[in-house]
Amino acid sequence: MKCREVVELMTDYLEGALAARDRERFEQHISGCDGCRAYLAQLRATLRAMKSFEDVPIPHRVQEELVQAFRDWRATGC
Amino acid sequence: MVDASGSELEALKRGDEAAFVDAIRRYHGPMLRLAMAYVRDHHVAEDVVQEAWLTAIRSLDRFEGHSSLKTWIFGIVINIARARRRKESRWLTFSALLRRDDPDRREPTVDPSRFTRGGDWRAIPHQWENVPEATLLGKEAMQKVQAAIEKLPPKHRDVIVLRDVAELDAGPVSELLGISAENQRVRLHRARAAVRRALEDYLG
């Protein structure tokens, strides 16, 4: 496997979608390749960044309106 | 946490207000980020989230719970946000309109010039392990990530937002978008590579 090919398999690898044999070859390559290891680490950091968007509290007014709509639905069934 | 969403949905259908308040609070952030991937304006995104809940409330009786509450409500957000985006198509730049990407086309996701003719790295990518977490997850970096996601072709954006931002599993996302597992991986791969490139432009 060449680095150029390995980088294109990284999502399949992270998703656990590589066949056992490909996975073995992939991991073998990664363990001996600083470049691909760094690239994989960058992808993982990218995933971490996307998961860490700040949490946003629901505005009070919106919560009130939604709760009211929920009560109306409960009361009238529509 | 076993089958938490199932019982969550049951509680909502029963009219349990505390469960409803808990749900709208807990999902507000992810739903907003999901909407923001389609509509840039924060207020419009807030509207989308609110409309999604109102739609959900109206459909609660009919919803049979084939998917979890989270998957269901995120699907509603996507439908509403897509419609809003079309309405506000002034955001679509001319080049975006002219671009006829086939999102699933298999082109390299890493600039070919970074490899030798033999396919090895010319220069090793930088070690982001040395980048302080405060920089990687800092405001500026997050803006780059958000902008990169917004620039993706819609088919890529859907997948990456659902999987990596809203953190849904692969199965529900395939179902929501009506695509195969393999197709989802292809799109996810291209989308992640694009966001990584944007971060690399920023972090080096």
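## Contacts along the sequence

In chain B, 70% of the contacts with a separation of 6 or more are made by residues 24 or more positions apart; two residues are in contact if their C-beta atoms, placed from the backbone, lie within 7 Å. This is a predicted model, in which local features need pLDDT of at least 70 and side-chain atom pairs count only at pLDDT 80 or more, while totals for chains, interfaces and linings use all residues. Residues are numbered from 1 along each chain as its sequence is written, and chains are lettered from A and ligands numbered from 1 in the order in which they are written.

## Secondary structure and burial

Chain B contains 11 helices and zero strands, giving the pattern α-α-α-α-α-α-α-α-α-α-α along the sequence. Helices (H or I, at least four residues) and strands (E, at least two) are DSSP runs, numbered from the N terminus.

Chain B has 204 residues, of which 35% count as buried (20 or more other C-beta atoms within 10 Å of the residue's own, with C-beta atoms placed from the backbone).

## Domains and their contact

Chain B is divided into domain 1 (4–90) and domain 2 (125–204), with bounds from an automatic or database domain assignment. The C-alpha centres of these two domains of chain B are 21 Å apart.

Between them, 11 residues of domain 1 of chain B are in contact with 12 residues of domain 2 of chain B. On the domain 1 side, α3 (28–36) and α5 (69–87) of chain B are the elements that give two or more residues. The most comes from α5(B), with five residues. By type, the residues of this side comprise five nonpolar, three polar and three charged (Ala, Val, Leu, Ile, Met, Phe, Trp, Tyr, Cys and Pro count as nonpolar, Asp, Glu, Lys and Arg as charged, and the others, Gly among them, as polar).

Notes: Buried ≥ 20, exposed ≤ 12 C-beta atoms within 10 Å, placed from the backbone.
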